[in-house]
Amino acid sequence: MLVRDAIIHTRVVRPGMPVRDVFDECGRVHVQSLPFVDMDGRLTGRVTLKNVMKIACLPEHMVHTATLLGSFLSCVNNAQDKIKELLPSPVDAYVRQTHVWIGSAEPAIKALAIMEKNDTSYLFVVDDGEYQGIVTIQGIAAKMSEMYAESLMGQ
Amino acid sequence: MQVDHHAASHLIFGWNPLWVATTLFVVTYLLIISEKINRAIVAGLGAAMMVTLGVLNQQQAVAGIDFNTIGLLTGMMVLVAITRRCGVFQFVAIWAAKKVEAKPWGILLMLAVVTAAFSALLDNVTTVLLVAPITLLITDELKVNPYPYLFTEIFASNIGGTATLIGDPPNIMIGSAVGLTFNDFLLNLGPVSVISLIVTMGIIYFIWGRRLQATDEARERIMQFREREAITDVTLLKQSLTVLALVIVGFAFAHPLGLEPATIAMFGAGVLLLITNIGRDAEEQSEDVHHSFGEVEWVTIFFFVGLFIVVAGIEHAGLLNILANWVTDVTGGDMTYTAMLILWVSAVASAIVDNIPFVATMIPIIESMAPTFGGSENLEPLWWSLALGACLGGNGSLVGASANLIVAAFAERAGHRIAFLRFMALAFPLMLVSIVIASIYVYLRYL
């Protein structure tokens, strides 16, 4: 099984794109991160849902006291209000450095190994400097299950 | 610190060992203070140069390392790293806040007491790392300025840490070098720490406390906290508190048991690691042990190792004898004058620079004064003066203690900047008040 067998095709994030579009795309294809490309289309970074949420509405002290939070707290309600303000704003402030990537012709097992080594659950798929899509642990698992089901039907 | 003064050192190029050692010491110290280079790197290189240039041989260098201090620090760090995972510190902080019905001044007072108590038994940095987030959460809800709370917690952590052998690294170093026990520190420094805390809280009440106000609605939100939810692992809570309690009891009985504090701390750490890993497979155990040891502040440990060797170098070269004689000349060999000088110089120095290198240097200097005062058994007032000055002095500025910087950095990231001069404008005089209290205490009790 190769990476291309489990690839998920996604939109890319461009400068000025509203956060809401990133949320929509991530929700549509069930991924937690999207690649960020510059005006020339070069892959220069990534936008992760975790990072956006953290910067926008999760101050450090709320993270440290996470188990104590409840809807009775104004800080929780304030955080939810901040998300509403966040959605139309440009995503540029939340771009992080580029993530590890893998070629589409590489074995899926290699993708899993790289994910494990880097403590991540996804990799960008890049061929000759061009973004192709994203591969996730969930995607590989789903593809493995599909191939197994096909092999059973073939028997 | 035992250093063989009689073994010959072979200085390269035939340089004067006193000058080489002094130069290395001064450069090391200045680099540590400048914070341009990580202090563990500086201390490590300084130590290596002491040996390479021949001030010490390797045997002398190793002999200069106080492994009791290293072992005690490491053991307690492992214990705290495991214990903090269960959430007990946050539980106590919330419980304390609710006990005073979420009244702003009451919360400030209770968080100060909690911080001081934890700092006395655990390290100051961990204590403030755990209390500061709760503080910001509570002050956020009460809509009160967090500055008075954070300021008070900084003071409480340093005052609390003064009270016990394990509360602050200077105390660990002094206790280890002189053979002072956990009980010695508690009985001698406990009372003055309590008095200092009470007076400090009184002044803080006068400055801020009486003006702190919150609406009933805001207080009601605090009362809705379920502190039980702070506990993330009940089993770990029971295990870690049991072991911690046994370790504290072990410290209290260390002298009759003939055990050093490092042995007790490392034994406790080993026991806690064992019981928290029972039932886990090899891989899980490896991961847990790795994680626990990963939380030890190895930078601090290696800083201590390097520092001990550097100080051993200048001791071997005779610089500390020269300094001790100079102090004796200045004070005329008068115990009262010497104790007060040590107390006040330690306090001011600790407010400005890292107190650990200062204390590491002062210990052999004071030991050298033993003949002047009729034997080492008569140096007690000087040891307590050094401990009080070094620990309480850390309140004098943001750079006076690591815990201060941790709180300031945390507050800044949360959008509540603690400006250096604004802090010092109140902190330095308040620190001096505690040193006045310490001076009176030392004079009345020991002189």
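Residues are numbered from 1 along each chain as its sequence is written, while chains are lettered from A and ligands numbered from 1 in the order in which they are written. Because the model is predicted, local features need pLDDT of at least 70 and side-chain atom pairs count only at pLDDT 80 or more, but totals for chains, interfaces and linings use all residues.

**Stop 1: chain A as a whole**

Select chain A. Its C-alpha trace spans about 60 × 40 × 25 Å along its principal axes. Color by pLDDT, the predictor's confidence in each residue, from 0 to 100. The average for chain A is 92, and 100% of the residues score at least 70. Among the elements of chain A, H4(A) has the lowest mean pLDDT (87). The highest (96) belongs to helix H5 (residues 108–117) of chain A.

Switch to cartoon. Chain A has six helices and five strands. Helices (H or I, at least four residues) and strands (E, at least two) are DSSP runs, numbered from the N terminus. From that end, the order is α-β-β-α-α-α-β-α-β-β-α.

Of the 155 residues of chain A, 25% count as buried. Buried means 20 or more other C-beta atoms within 10 Å of a residue's own, exposed means 12 or fewer, and partly exposed lies in between; C-beta atoms are placed from the backbone.

**Stop 2**

Select residues 33–37 and 43–48 of chain A. These are strands S1(A) and S2(A), which run antiparallel and are joined by five bridges. Two strands pair if DSSP finds at least two bridges between them. Pick Leu34(A): its bridge partner in S2(A) is Val47(A).

**Stop 3: the open sheet**

Stay in chain A. Three strands form an open sheet in the order S3-S4-S5, with mixed pairing. Its edge strands are S3 (101–102) and S5 (130–136), and each pairs on one side only. Now select S4(A), residues 122–127: it runs parallel to S3(A), and two bridges join them. Trp101(A) stands opposite Phe124(A) in S4(A).

**Stop 4: where the chains touch**

Show both chains. The contact takes 13 residues from chain A and 18 residues from chain B. Two residues are in contact if their C-beta atoms, placed from the backbone, lie within 7 Å. On the side of chain A, helices H3 (60–64) and H4 (74–86) are the elements that give two or more residues. H3(A) provides the largest share, four residues. By class, this side of chain A has six nonpolar, six polar and one charged residues. Here Ala, Val, Leu, Ile, Met, Phe, Trp, Tyr, Cys and Pro count as nonpolar, Asp, Glu, Lys and Arg as charged, and the others, Gly among them, as polar.

**Stop 5: Arg39 of chain B**

Move to chain B and select Arg39(B), in helix H2 (residues 39–52). Is Arg39(B) buried or exposed? Arg39(B) is buried, with 22 other C-beta atoms within 10 Å. Not counting residues up to four places away in sequence, Arg39(B) touches Ile32(B) and Phe303(B).

**Stop 6: a helix pair in chain B**

Select residues 355–368 and 380–392 of chain B. These are helices H19(B) and H20(B), packed at an angle of about 170° with their axes 11 Å apart. They are therefore roughly antiparallel to each other. Show side chains at the contact: H19(B) contributes residues including Phe358(B) and Met362(B), and H20(B) residues including Trp383(B) and Leu386(B). This contact has eight nonpolar, one polar and no charged residues. Axes are lines fitted to C-alpha atoms, for helices over the stretch in contact, and angles run from 0 to 180 degrees between N-to-C directions. Angles under 35 degrees count as roughly parallel, over 145 as roughly antiparallel, 65 to 115 as roughly perpendicular and the rest as oblique.
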